[in-house]
Amino acid sequence: MTPDDLRAGLLGHPKWDWLVAAEAHVRADPDAVATLFARAERTLGRDPLPGRPQWTSGRAGRALLLVALARTPDRVDRITTVYTQGDTAERIAVLQALPMLPIGAAAAPLLHDALRTNDARLVAAALGPYAAHLDQPSWRQGVVKCVFMGIPLDAVDRLDERADAGLAAMLAALAEERTAAGRAVPDDALALLHRLTESAS
Amino acid sequence: MRVFDPHIHMTSRTTDDYRNMAAAGVRAVLEPAFWLGQPRTNPGSFADYFDSLIGWEPYRAAQFGIRHHSAISLNPKEANDPRCRAVLDLIPRYLDKDGVVAVGEIGYDSMTPVEDTVFAAQLALARSYGLPALVHTPHRDKAVGTKRTLDVVAESGIDPGWVLVDHLNEVTVRQVRDSGCWTGFSIYPETKMSPDRMVAILKEYGPERVLVNSAADWGHSDPLLTVVTGNAMLAAGFSEDDVDLVLWRNPVEFYGQSGKLDLSDVPKPEGTFAGSSIARGGS
Ligand SMILES: [Zn+2]
């Protein structure tokens, strides 16, 4: 996903002109992002973007405002402020936009913040493509937290590529504990565990 | 019966309360910012509190199918502590958030000069952000406090139709009604107002521009008293449509003035009674 893909998805949106003006406003005055970012979703709406079900109009608009904000020299601090001063939907929009921003791994602390919450939407958003910048122990903890919270594992980007023996051991222990208690283990976690133990044997 | 509790402090309540409220018909709540029993001593404590009102608390409510919106403000009690005054500078950024549909609860506690200033400043914020205001009336010296509250509202220039004056009783309801503000009643187990007294007020004044809330918080209070009041209205001969007006459509109309009230994922009520004011007008 690139900013141009998002723009293509938003083209013809009834509030397109609002978005173009908002992007220009942020480029001219980066402090304006707080207000515009907060208002973007109710202005652009929450309908899914055509052909891009992971994105709504509002979330795509917010991502484009971050792209405009990322032209500033202190971009990481500013993006971090948008996240920390955001409500949950704003924070999810930031997490989802991180991979398309020119910031390398600098915003990884935001993933740790999201993984500390007890909000399934934030935990899932923290394990998208930007989680490539998450250290392996934190990533494993994130995946197991998904299983605990009932978050479908297809929220985790590059799950099979990154799953390792350490994760297999944690899943096996969880499965044992749940089985002993007479409780179910989510199917997708069991399937992952099988794939990992098969490839190891 | 579908219920919108227009004033309840869910932060102080348990998940069992959410479950019981949902089972009894509560579908939406408005949580105004207030004090927490233990006085706070710095603006950061307020930022974390406000963040929970736009983050964790709506998420927790949603687990029980309840829609949660909030009102943000610096309450009059803590406004009197100079260490908390800078909270006023934090408030504007919260007023822009999607889930924040009012400024509140503001008003008087001890009627100090500082409270005058902070009350007026936040009414001005409500005007500039296009939000309605939830105004609390003081527990002590209530009749005098209510009069002074209405004077400040009038001086501020805000349209009285954008102001809800809350915690009213038999003595204060008349002057608020005459002012054009919406009238709010907090039904408490012992103090403030009981379901039967509420029914008597509704008989005298009618259900227009009346909102009924539980104001449940960390004190002795009961989040189901909105529902109990609805049942008391039915037992006294009010129609289901009257109950729906007081417990659902009035709060929706009042907070809906913000343009940000989002009840799209609240299921529509079953049955044939007038579900919305539009259907009602046409029937
Ligand atoms: Zn209150």
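Colleague: Where is A:L153 found?

Modeller: First the ground rules: this is a predicted model, where local features need pLDDT of at least 70, side-chain atom pairs count only at pLDDT 80 or more, and totals for chains, interfaces and linings use all residues. Residues are numbered from 1 along each chain as its sequence is written, chains are lettered from A and ligands numbered from 1 in the order in which they are written, and side-chain values use heavy atoms, with hydrogens and water left out. Helices are DSSP runs of H or I with at least four residues, strands are runs of E with at least two, and both are numbered from the N terminus. A:L153 is in the loop between α9 (136-149) and α10 (159-162) of chain A.

Colleague: Is A:L153 buried or exposed?

Modeller: Buried means under 20% relative accessible area, exposed over 50%, partly exposed in between (1.4 Å probe, protein chains only). A:L153 has 3% relative accessibility, so it counts as buried.

Colleague: Which residues does A:L153 touch?

Modeller: Contact means heavy atoms within 4.5 Å. Residues up to four places away in sequence are not counted. That leaves A:V143, A:C146, A:V147, A:L159, A:D188, A:A189 and A:L192.

Colleague: How do α3(A) and α6(A) lie to each other?

Modeller: Axes are lines fitted to C-alpha atoms, for helices over the stretch in contact, and angles run from 0 to 180 degrees between N-to-C directions. Helix α3 (residues 33-44) and helix α6 (residues 88-97) of chain A pack at about 100°, with axes 10 Å apart. Angles of 65 to 115 degrees count as roughly perpendicular, under 35 as roughly parallel, over 145 as roughly antiparallel and the rest as oblique. So α3(A) and α6(A) are roughly perpendicular.

Colleague: Which residues coordinate the zinc ion?

Modeller: Donors are N, O and S atoms within 2.8 Å of the metal (3.2 Å for Na, K and Ca); water is not among the atoms, so sites may look incomplete. The donor spacing in sequence is H-x1-H-x95-E. At 2.0 to 2.1 Å, the donors are B:H7 (NE2), B:H9 (NE2) and B:E105 (OE).

Colleague: How many residues apart are B:H7 and B:E105?

Modeller: B:H7 sits in the loop between β1 (3-5) and α1 (15-24) of chain B, and B:E105 in strand β4 (residues 100-107). The pair links distant parts of the chain, 98 residues apart.

Colleague: What area is buried between chain A and chain B?

Modeller: Buried area is the accessible area (1.4 Å probe) that two parts lose on being put together, summed over both. The contact takes 18 residues from chain A and twelve from chain B. Carbon and sulfur atoms give 38% of the area, which is about 1200 Å².
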